[in-house]
Amino acid sequence: MDGEVERLRAEQVGHFIAGDFTRYFAVSDRLAASSSGFARSYECWIHTVLHALHGLVPDARVLQVGAMDGKRFDPVHAFVAHYGWRSVILEPLPDLFAALRDTYRDHPNVTPVEAALLPADGPATMTRVDRDAALSGAVPLWAEGLGTFHPERNALGGVGVGPDLHAALLGAARRETVSGVTLATLSERHGLGRIDLLQVDAEGCERDILWQVDAAGHRPAAVHLEYWALLPDERREVIGTLAGWGHALRMGESDVMAISPALRAAVDAAVGWGC
């Protein structure tokens with residue numbers, strides 16, 4: 001059985017890379033049926049929720065903040081591409097934004113925006129790992145996603161890594177000026193309208209982003225955001241805000257998924273029991 005699971009995993013990854021999401025989802029279903037571990041996983045939960053979101057809101061609107069190239073390490077890309085959801089997708093670093101724009105070049109419903117979602121409009125300085133260092137293997141590939149306004153909170157500040165890797169990351173690090181926009185400006189420029197799915201991976205800025213969404217009166221049916229780089233009081237505030245909307249929460253190792261009561265009912269109906 002383990003060999004079958006490994007084979008399905010490889011097939012699943014291959015379809016994702018090829019952009020064949022009909023087969024990707026079909027193999028994911030077979031993987032869930034073959035592996036109780038995958039069926040209970042946070043990854044499978046995300047799949048269940050986002051398929052149910054499409055059933056509940058077929059014309060879902062998406063706001064994604066911190067998308068990198070729009071594909072790697074991205075939990076919503078397959079759904080945005082497959083279902084054609086109208087999406088505004090932000091990435092502030094120019095080289096990653098160029099890759100993001102290329103990822104979605106054949107998806108007219110997707111609007112890539114070269115900006116960070118910040119409390120004020122205007123330029124701001126990020127610390128990031130040089131992309132060539134990550135792609136060449138000089139540092140791990142995941143280091144490409146360390147671009148942040150709070151380097152002290154992630155591996156660039158030595159969090160979760162040993163001294164040798166920390167030194168390598170610092171050797172590949174550089175500061176870069178990027179454009180920042182508020183949610184109000186983003187909405188004005190791109191006609192954002194409602195938000196049904198909010199996806200955020202912003203290396204420590206998630207609380208401030210959620211605050212803007214909340215203050216604007218948005219209550220997305222699904223919110224998926226990374227929380228591990230938040231300070232403890234910021235994490236509590238994020239969880240409190242989402243719970244205060246009446247959303248049900250599931251925590252992963254570094255992320256949280258929050259879903260509205262209506263989406264929770266759709267998920268329960270889809271799987272045949274209360275989750």
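A nonpolar core is here a set of buried Ala, Val, Leu, Ile, Met, Phe, Trp, Tyr and Cys residues joined through side-chain atoms within 4.5 Å. Buried means under 20% relative accessible area, exposed means over 50%, and partly exposed lies in between, with a 1.4 Å probe and protein chains only. The structure is a predicted model, in which local features need pLDDT of at least 70 and side-chain atom pairs count only at pLDDT 80 or more, while totals for chains, interfaces and linings use all residues. Residues are numbered from 1 along each chain as its sequence is written, and side-chain values use heavy atoms, with hydrogens and water left out.

**Nonpolar cores**

The largest nonpolar core has 33 residues, and those with the most contacts inside it are V49, L50, L53, W85 and L263. Two or more residues each come from α2 (21–34), α4, α5 (77–83), α6 (94–103), β10 and α12; α4 gives the most, with seven residues. Helices (H or I, at least four residues) and strands (E, at least two) are DSSP runs numbered from the N terminus. Contact means heavy atoms within 4.5 Å. Leaving aside neighbours within four places in sequence, L50 is in contact with P75, V76, F79, W85 and L197. A second, separate core of 28 residues includes A115, L186, A202 and L242. In soluble globular proteins, nonpolar side chains tend to be buried together.

**Helices α4 and α12**

Helix α4 (residues 42–56) packs on helix α12 (residues 261–271) at an angle of about 110 degrees, with the axes 9 Å apart. This makes α4 roughly perpendicular to α12, a class that spans 65 to 115 degrees. Axes are lines fitted to C-alpha atoms, for helices over the stretch in contact, and angles run from 0 to 180 degrees between N-to-C directions. From α4, the residues W45, T48, V49, A52, L53 and L56 meet A262, L263, A266, V267 and V271 of α12. The residues of this contact comprise 10 nonpolar, one polar and no charged. Ala, Val, Leu, Ile, Met, Phe, Trp, Tyr, Cys and Pro count as nonpolar, Asp, Glu, Lys and Arg as charged, and the others, Gly among them, as polar.

In α12, L263, V267 and D268 are buried. These residues cover an arc of only 140 degrees around the axis, which puts them on the same side of α12; the arc is that of the directions from the helix axis to the C-beta atoms. They pack against α4, β8 (222–226) and β10 (255–259). The face turned away from this buried side carries the exposed residues P261 and A269.

Helix α10 (residues 206–215) has E206, I209, L210, Q212 and V213 buried. Seen down the axis, the buried residues of α10 fall within an arc of 155 degrees, so they line one face of the helix. W211 and A215 are exposed on the other side of α10.

| Residue | Loop | Relative accessible area |
|---|---|---|
| M68 | between β1 and α5 | 10% |
| G147 | between α7 (131–136) and α8 (163–172) | 14% |
| E203 | between β7 and α10 | 6% |

Although M68 is not a glycine, its phi is positive, at about 55 degrees. E203, also not a glycine, has a positive phi of about 50 degrees. G147 touches L93, M126, T127, R128 and E203, not counting residues up to four places away in sequence.

Definitions and conventions:
Parallel < 35°, antiparallel > 145°, perpendicular 65-115°, else oblique.
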